[in-house]
Amino acid sequence: MRSFVSLVVVCSAINLFVLQVSKSTSLTATQPAVPAITFSSVGPVSSVQMNGTANWTYGSDQQTGTVTLQANANGQSRMLLRLPSGSRIETQNPLSDSQRQCTWSGADAVVHSSAVHHCWIDAIWFLPAITMQTGAGASDDVPSVTQSADPSKIRIHRERHLVDVDSAQTGQFIAHLSAVDLDIDSATSLPVILAFATHPDNDAGIDLPVEIRYGAYSTFSGVTVPTHIQKFINHALVLDLQISAVQVQLATSTIASTSTPLN
């Protein structure tokens with residue numbers, strides 16, 4: 001137990017020094033190829049903004065408001081949740097940054113830094129496809145295909161494999177903190193469920209399951225996104241989002257925006 005606690009302390013301190021990352025190694029010939037995810041028919045996408053309504057639940061407290069979600073291909077993201085009790089903002093810095101940083105602010109608008117172990121997730125939870133484009137996301141991301149319990153789905157596992165960390169144990173722990181499992185529909189290649197673990201602020205060694213469910217897909221200016229997103233934490237529904245407007249910026253700097261799907 002003492003050695004495990006020491007490992008958690010080491011990993012919590014990882015934000016104190018600069019980590020250098022390298023390109024992930026190629027998949028071996030025995031591993032199945034990672035399937036493409038349906039996302040854009042108009043070329044690489046650099047950013048997506050989605051606006052809609054939000055139902056927020058925390059225990060017996062339920063509130064309805066609006067949400068603005070911003071996702072970039074480099075992993076940077078921002079969620080603005082406007083509720084009757086006040087606004088909440090959550091941010092994540094780019095995956096390419098050597099230090100992991102994510103923040104949150106509540107109704108008092110005071111910005112707080114989240115515990116660093118919350119900042120390693122290898123995907124943007126509300127739009128994972130944007131960082132899974134070719135050339136996007138983290139350079140040390142390692143994808144693989146694993147068996148899904150549902151034969152109608154394909155499961156893609158992704159985690160970060162860092163180099164030049166202080167120990168193999170630290171590298172393994174970062175891989176665990178960053179790990180995500182994305183189930184895609186084998187017929188449509190659209191994301192269905194994203195699963196990963198969150199942790200208490202003061203204990204990176206405790207895993208709490210998070211599940212994101214995606215549905216009601218629509219195509220906006222050639223980019224296909226879910227317009228119904230649900231977030232479950234420890235099996236309880238926390239956020240239920242209905243997206244009504246989407247703005248897309250392509251990597252070519254061409255901006256396309258629409259409030260109605262182009263099917």
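Asp164 sits in the loop between strand E8 (153-160) and helix H2 (168-178). Asp164 takes a positive phi of about 60 degrees, although it is not a glycine. The model described here is a predicted one. Its protein chain comes to two helices and 14 strands, and buried residues make up 44% of the 263 residues in the chain.

**Loop residues with a positive phi**

- Most residues other than glycine have a negative phi.
- Because its relative accessibility is 57%, above the 50% cut-off, Asp164 counts as exposed.
- His235 is not a glycine either, and it has a positive phi of about 75 degrees.
- The position of His235 is in the loop between strand E12 (223-233) and strand E13 (236-250).
- His235 has a relative accessibility of 69% and therefore counts as exposed.

**Around strand E7**

- Asp141 belongs to strand E7, which spans residues 141-146.
- Asp141 has a relative accessible area of 8%; because this is under 20%, the residue is buried.
- A polar contact of 2.8 Å links the side chain of Asp141 to the side chain of Arg158.
- Pro151 lies in the loop between E7 and E8.
- With a relative accessibility of 78%, Pro151 counts as exposed.
- Pro151 and Ser186 are separated by 35 residues in sequence, while their C-alpha atoms are 8.3 Å apart in space.

- E4 and E5 pair in the antiparallel sense over four bridges.
- Within this pairing, Thr91 has Thr103 in E5 as its bridge partner.
- E5 is also joined to strand E6 (residues 111-113), by three bridges, and these two strands run antiparallel.
- Trp104 has His112 in E6 as its bridge partner.
- E5 and E6 form a hairpin with five residues between the strands, and Ala109 in this hairpin takes a positive phi near 65 degrees.

- Strand E9 (residues 180-185) pairs with strand E10 (residues 191-198) in the antiparallel sense, over four bridges.
- The bridge partner of Asp181 in E10 is Ala195.
- Five residues lie between E9 and E10 in the hairpin that they form.
- Ser189, in the turn of that hairpin, has a positive phi of about 65 degrees.
- E10 also pairs with strand E11 (residues 208-220), over six bridges and in the antiparallel sense.
- Ala195, the partner of Asp181, has Glu211 as its bridge partner in E11.

**The largest pocket**

- The volume of the largest pocket is about 1200 Å³.
- Its lining consists of 38 residues, of which Arg88, Glu90, Thr198, Lys231 and Ile233 lie nearest the centre of the pocket.
- Several strands each supply at least two residues of this lining: strand E1 (45-58), strand E3 (77-83), strand E4 (86-92), strand E5 (102-105), E10, E11, E12 and E13.

**Enclosed cavities**

- Rolling a probe the size of a water molecule over the atoms shows where empty space is left.
- There are three cavities of 30 Å³ or more.
- The largest cavity has a volume of about 40 Å³.
- Residues lining the largest cavity include Phe39, Phe126, Leu127, Pro128, Ala129 and Pro191.
- Also in the lining of the largest cavity are Tyr214, Tyr217, Thr224, Val225 and Pro226.
- E11 and E12 are the elements that give two or more residues to the lining of the largest cavity.
- The largest share of that lining, three residues, comes from E12.

**The chain as a whole**

- The protein chain exposes about 12900 Å², and carbon and sulfur atoms supply 53% of this area.
- Among contacts in the chain with a separation of 6 or more, 51% are between residues 24 or more positions apart.

Note on methods: Residues numbered from 1 in each chain as written. Predicted model: local features only at pLDDT ≥ 70, side-chain atom pairs only at ≥ 80, totals over all residues. Heavy atoms only, no water. Buried < 20%, exposed > 50% of the residue type's maximum accessible area, 1.4 Å probe, protein only. Polar contact = N/O pair within 3.5 Å; in protein donor to acceptor, adjacent residues only side chain to side chain. Contact = heavy atoms within 4.5 Å. Areas by Shrake-Rupley, 256 points an atom, 1.4 Å probe, with all protein chains shown as cover. Pairing = 2+ DSSP bridges. 1 Å grid on protein atoms, 1.4 Å probe; cavity = no way out; pocket = protein on both sides within 12 Å on 5 of 7 lines; lining within 4 Å. Points joined across faces, edges and corners; volume = space filled by probe spheres on them.
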